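Subject: Structure for your review

Dear colleague,

Please find below the structure that I am handing over to you.

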Amino acid sequence: MDYRAGVTHSHVNAVEFEVRVPSTPQVALHGRYAVLECRFTVEGDLNLDKSVLTWQRGSEVVHSFYYAQDQLEKQSPRYWNRTSLYLSELKRGNASLKLEGVGPEDAGEYTCSVSTLLGSQRKTLSLIFAALYTEPLLRIKVNPYNVTASLQSEGYPDSTVQWLDGEGQDVSILSQTVSQRNAEGLYTVTSTLSTVRSSNTTLTFILKNRELNQHITRTFSLLPEDVPVDDNPAGMRWAPVLSVIVLAVLCVLALTIYSKTCKKTTAKSIEHLENGKLMSS
């Protein structure tokens with residue numbers, strides 16, 4: 001790893017004292033701890049009682065060490081119980097800081113200052129926060145004419161989203177992508193694409209996280225046009241059949257009632273005729 005280094009000539013020895021930090025930004029991942037690297041020149045046995053080490057972010061005190069122990073009275077509240085030095089490594093010139101529970105708000109410039117009997121110097125490094133995007137959640141709505149696909153993922157920093165059709169043509173212009181920050185400061189990215197349904201509807205979704213060089217590509221295909229699309233709930237499929245059955249039952253009941261009525265009428269007519277004949281006799 002490349003380091004930034006400056007040289008300070010000590011007034012005690014001819015040894016050149018320098019503090020070294022990475023020259024390129026360090027990446028801190030969500031859900032993990034970050035190590036802010038810093039090293040300094042050591043000759044012989046380092047006298048910790050006469051050494052001062054301080055990490056700062058602007059005017060904020062991130063961590064302090066002097067008189068051979070941590071001195072955290074002036075530490076910024078947002079770093080309480082989150083920082084530590086590799087104490088066993090100090091005598092070997094390792095002033096790196098371990099930062100726990102890294103979040104988006106921790107990204108920025110940090111300065112490592114070291115003062116020993118050999119000399120004093122400070123150097124600044126950059127910390128970048130990033131989070132891998134999660135497996136996209138896919139939702140698809142289909143009707144006989146259109147397809148609407150929606151994918152949602154979460155990560156950091158904000159991502160770029162691209163849509164391709166079955167021929168590899170960019171159809172992102174047909175989509176709508178929305179990014180929102182959640183309670184953890186991460187981005188929730190939702191991208192929705194609506195297109196005309198064809199005999200072979202194939203879509204490809206591509207999400208990119210530039211900081212981590214992460215590419216998520218998902219391709220899916222839908223059923224051909226000649227396969228019927230069921231837009232009715234399962235229970236509604238039987239509605240036409242049930243209607244026919246009910247109608248048939250009603251017809252049978254009507255015929256039964258009519259038949260019984262006709263029989264009664266006929267019986268009464270016959271009874272009247274017979275009574276008439278008896279009276280005539």
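Ala149 is buried, with a relative accessible area of 0%. Here "buried" means under 20% relative accessible area, "exposed" means over 50%, and "partly exposed" covers what lies in between (1.4 Å probe, protein chains only). Before going further, please note that this is a predicted model, in which local features need pLDDT of at least 70 and side-chain atom pairs count only at pLDDT 80 or more, while totals for chains, interfaces and linings use all residues. Residues are numbered from 1 along each chain as its sequence is written, and side-chain values use heavy atoms, with hydrogens and water left out.

Ala149 belongs to strand E16. Strands (E, at least two residues) and helices (H or I, at least four) are DSSP runs, numbered from the N terminus. Ala149 and Leu203 are 54 residues apart along the chain, and their C-alpha atoms are separated by 8.7 Å. Ser150 is also placed in strand E16, which covers residues 146-155. With a relative accessible area of 14%, Ser150 is buried. From Ser150 to Gln176 there are 26 residues in sequence and 9.4 Å in space, C-alpha to C-alpha.

**The disulfide**

A disulfide is a covalent bond between the sulfur atoms of two cysteines. In this model, a disulfide is counted when a pair of cysteine sulfur atoms lies within 2.5 Å. The count by this rule comes to 1 disulfide. Which residues form it? They are Cys38 and Cys112, whose sulfur atoms are 2.1 Å apart. Cys38 lies in the loop between strand E6 (34-36) and strand E7 (39-40), and Cys112 in strand E13 (residues 108-116), so the link ties together parts that are 74 residues apart in sequence. The link of Cys38 and Cys112 is left-handed, with -80° about the S-S bond. Both cysteines, Cys38 and Cys112, are buried.

**Salt bridges**

Side chains of opposite charge can pair when their charged atoms come close. The term "salt bridge" is used for a side-chain nitrogen of Lys or Arg within 4 Å of a carboxyl oxygen of Asp or Glu. The structure holds 7 salt bridges, and some of them are described here.

Arg82 and Asp106 form one of these, with 2.6 Å between the closest N and O atoms. Arg82 lies in the loop between strand E10 (69-70) and strand E11 (83-85), and Asp106 in the loop between strand E12 (97-99) and E13, so the pair ties together parts that are 24 residues apart in sequence. Are these two residues buried or exposed? Arg82 is buried at a relative accessible area of 15%, and Asp106 is buried at 0%.

Glu18 and Arg20 meet through their side chains in another salt bridge (3.5 Å, N to O). Glu18 is partly exposed, with a relative accessible area of 23%, and Arg20 is partly exposed, with 24%. Lys98 forms a salt bridge with Glu100, the closest N and O atoms being 3.5 Å apart. Glu100 is partly exposed, at a relative accessible area of 34%.

**Aromatic rings**

A charge sits over a ring if NZ of Lys or CZ of Arg is within 6 Å of the ring centre and within 35 degrees of the ring normal. Arg181 lies over the face of Tyr187, at 4.8 Å from the ring centre. Tyr187 forms one aromatic cluster together with Phe129 and Tyr156.

How many aromatic pairs does the structure hold? There are 4 aromatic pairs. Among them, Trp163 and Phe205 form an edge-to-face pair, 5.3 Å centre to centre and with 65° between the planes. This pair links distant parts of the chain, 42 residues apart: Trp163 is in strand E17 (residues 160-164) and Phe205 in strand E20 (residues 202-209). Rings of Phe, Tyr and Trp (its six-membered ring) pair if their centres lie within 6.5 Å; planes under 30 degrees apart count as stacked, over 60 as edge-to-face and the rest as tilted. Trp163 is buried, with a relative accessible area of 0%, and Phe205 is buried, with 2%.

Yours sincerely
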